[in-house]
Amino acid sequence: MARGPVQTSAPPFPPCRVSGLGFRSKGRLVPVHAAAAASSPGSGPGGRPPPPPLEEWLRSNGGTVNGVALRSTLYPSGAIDRQLVASTDHPAGALLLSVPRRLQIRYDNVEEAAAASSSTSSSASTHSATGGSGDAEADAAAPYGLPAADAAAVASLFARLPVGSDTGAPAWQLRQALTLLAHLAAGPASALAPYLAHLPGLAHGVPTPRVAMLMYDDAVDELQYGSLVHDVRNQKYWLARVAREVLAGGGGGGRELPSPAGEERTARSGGGGGSGEGSGRAGAPFRGLAVDEGLLGWAVAVAMSRCFGLSRSRAHTCVPLIDMANHVAPHGASNAEIRSGPGGEVAMYAKRQIKAGEELTLTYGSHDNANLLLSYGFTLQPNPYDAFYFVLDLETLESLVEGMGDGSTQGGLAEWQLRLLRDKLGLRPLPGPGQEGKPAAEDGASGSIRVFLSAADPPVAAGQRGSAAGGDGEEQQQEGSGPAVLAQPVDPKLLAALRIATLQDEAWYGQLAGRSVERIGGWGNLLARQQEISVMRLLAALVTALYTSFPTTIQQDRKLLASASIDVAAAAAASTLTSGTLAQPITAAAAAAAAPSPVAPSASSTGGWPLRPHDPPAGSGGADPSAAATAAHTRDAAEAVRFRLGLKLTLERCLQSLVARAKQLDELQKVR
């Protein structure tokens, strides 16, 4: 879900600025510093005092900012794009930013603050009985950025969250989302309120990252990729279930506030139970803030798209300013890296020499476009890590080989081939009817494997290979299910399976039994030239069949993208930040699709610059919820087309590699 460290497990539900929209608006970019006077000179939206610049806030609170600045760009649509840039030259290895743990938003901070609250409460009771002051609990909150009583109330909800199948612990994405909401509800009582004001959906002109689970259902169907559609629907299910079963009525008050920018209010809203007694009271879950599915969706989207995973502490964290760095791929293309320290501090270092004015970039991980869309709300075109994934089982493999039509596999695979496929790849006959409940094989073989086809140019230079740990840096920006760097067009497991299944001489068994799957399936490790030609042609037929299974073609998708009004989508994303939505009546028909404003503590409960829904940004086109919903719908549809177009181009490139290799081998055979 988030930009994690260097973990590669698939997140259920990580910062991206451009990612928030998924595309750039057409037109000339205008530096927001030069255009600021046009909207609200010298103040925040609506004339309210603006939050302090993140650079200034970090320096004044113990952080380190060395020659780094946050630059904003105003689009004609009114949306704002933010970039982290170098304000001076930096040598390789230079420290750029460092953020202490107490300035980060972390769920483990909440857990520790809750533990501190429990211990200090008991000691405070004893101290009070002897005439001491009752400030011990308040003092205990200082290292955590959140009042300890608030932390204890939120931590009590963690135990009610669904447990991750891989960790056995409550899903970190949801724990981080609840932590964000706790800081939001605390308002000025949170030491991190200035950071919150810069988050997407709360910052003026910066929409909520449109991660896949927030997309409209019909746009999800337009992805045309079964495994991704399944993952998105699974996320939507758990989001609704947690909102309904864990948070419904848990706000402690009846304060019904609008959903974050860019989110639609869902029909299954569970916020706000309670009589209102104690609304805003410290120690109540979210101080009475009604958290419904829309607001929870905002928090999960921000958590997934902005979090760094820390391998040292096995936790995830939102890190001010550092989380403004954009994603580039492959790993060698980025100029900065993330490291964490023993005290929980997170720092950014220069990987190479950086010139003044250059954008500071990170590689979030080896993410294919499916994971980028799930976790960040954008895709890369082209993406060096993108691939078409599918599940291969023994039955499918036999069908593929039988399709060769040369009679070599009549009667099915030989016993020695089945042994190799089982021992090397874990492929075995799937349970037949009535056998599904039988115990798994003793060797742990599942009977099927997940394989890929990619657009990689074989071979990939060693210098382009990235490590799962993000290269030299310990931490990387998001956790995800992306593949390792792709070094050949066909997954070694798939190529090994086809090579084994198309051999005809049992003498091969002795030669292959001692080889690894990577060696058997290596692109350049052909076993026999004529057999390899057959394998390439078989794969070409497979790729063609996969491509034709899509209901639309590359040409049709390109036309759809060309006709999509990207400016309208960007304007809609910006218009969802407006407070006018609250003032205008919403019809029953529009309410279901409306995308109301972000939320924040009421003005009466805040001092200085309150977190509140923003006024319409310039060019946002007003605050018509129907128009905002239409534009968000347009954006979702465009991103779905962009995603599936990337898959089809990947298959096209893979097919070209297969045909070229078969032709090359055929010509070599003719020469001999």
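Start with the whole protein chain in a cartoon view: this predicted model has 23 helices and 14 strands to explore.

Now colour by burial: of the 672 residues in the protein chain, 56% count as buried.

Now for the cysteines. Select Cys307 together with Cys318. How far is the sulfur of Cys307 from the closest cysteine sulfur? The distance is 3.7 Å, to the sulfur of Cys318. A disulfide needs the two sulfur atoms within 2.5 Å, so this pair is too far apart for a bond. By that rule, the count of disulfides comes to zero.

Stay with Cys307 for a moment. Is Cys307 buried or exposed? Its relative accessibility is 0%, so Cys307 counts as buried. Then jump to Cys654: this residue also has 0% relative accessibility and therefore counts as buried.

For the last stop, select residues 492–502, which form helix α15, and residues 529–548, which form helix α18. Turn the view until you can see both axes: they come within 10 Å and cross at roughly 125°. Because of that angle, α15 is oblique to α18. The crossing of α15 past α18 is right-handed.

Key. Residues numbered from 1 in each chain as written. Predicted model: local features only at pLDDT ≥ 70, side-chain atom pairs only at ≥ 80, totals over all residues. Heavy atoms only, no water. Helix = DSSP H or I, 4+ residues; strand = E, 2+ residues; numbered from the N terminus. Buried < 20%, exposed > 50% of the residue type's maximum accessible area, 1.4 Å probe, protein only. Axes fitted to C-alpha atoms, helices over the stretch in contact; angles between N-to-C directions. Parallel < 35°, antiparallel > 145°, perpendicular 65-115°, else oblique. Left-handed = near helix turned anticlockwise from the far one by under 90°.
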